[in-house]
Amino acid sequence: MGKLRDLQGLGPKSEAMLVNAGIDSVMLLKKLGAIRAFIKVKKQGDINPSLNLLYAMVGALEGKHWLEIAKKQKAELIIQLEGYEELEALFESEGEPLNIAD
């Protein structure tokens, strides 16, 4: 498969954010999934991505427009994101970082 920006809904700006976070291929994005990829981008610190990036990644992986994802899956995705962040905080409080790259 081609470049990240070739996926529906991901353009050069989204691709740059993903590459900056170490996600440089469609295969890696698929492996990580949208939630973990979003968290990796967010952890870069120099960029505070909006939830639109999350919706765009989900749409790209599912072959749907990001607005459709935002309308139909918004609450579910936010709950998943918050749950993952809480899990990560729990691991870190116990001295064991949760490796989102696995």
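Student: Which helices do the buried residues of helix 3 pack against?
Tutor: In this predicted model, the buried residues of helix 3 pack against helix 1 (12-20), helix 2 (26-42) and helix 4 (66-93).

Student: OK, and which residues of helix 3 are buried?
Tutor: The buried residues in helix 3 are Leu53, Leu54, Tyr55, Ala56, Met57, Val58, Gly59 and Ala60.

Student: How does helix 2 lie relative to helix 3, roughly parallel or roughly antiparallel?
Tutor: The axes of helix 2 and helix 3 come within 9 Å and cross at roughly 175 degrees, and because angles over 145 degrees count as roughly antiparallel, helix 2 is described as roughly antiparallel to helix 3.

Student: Which residues make that contact?
Tutor: From helix 2 the contact includes Leu29, Ala34, Ile35 and Phe38, while helix 3 contributes residues including Leu53, Met57 and Leu61. By class, the residues of this contact of helix 2 with helix 3 are 12 nonpolar, 1 polar and 1 charged.

Student: Switching over, at what angle do helix 3 and helix 4 cross?
Tutor: Their axes cross at roughly 110 degrees and come within 9 Å, which means that helix 3 is roughly perpendicular to helix 4. The crossing of helix 3 and helix 4 is right-handed. Among the residues in contact are Tyr55, Gly59 and Glu62 of helix 3, together with Trp66, Gln73 and Leu77 of helix 4.

Student: How far apart are the end C-alpha atoms of helix 3?
Tutor: They are 17 Å apart, which agrees with the 16 Å that the 12 residues of helix 3 (residues 51-62) should span at 1.5 Å a residue.

Student: And what follows helix 3?
Tutor: Helix 3 is followed by Gly63, which has a positive phi, near 70 degrees.

Notes:
Residues numbered from 1 in each chain as written. Predicted model: local features only at pLDDT ≥ 70, side-chain atom pairs only at ≥ 80, totals over all residues. Heavy atoms only, no water. Helix = DSSP H or I, 4+ residues; strand = E, 2+ residues; numbered from the N terminus. Expected span 1.5 Å × (residues − 1). Buried < 20%, exposed > 50% of the residue type's maximum accessible area, 1.4 Å probe, protein only. Contact = heavy atoms within 4.5 Å. Axes fitted to C-alpha atoms, helices over the stretch in contact; angles between N-to-C directions. Parallel < 35°, antiparallel > 145°, perpendicular 65-115°, else oblique. Left-handed = near helix turned anticlockwise from the far one by under 90°. Nonpolar A, V, L, I, M, F, W, Y, C, P; charged D, E, K, R; others polar.
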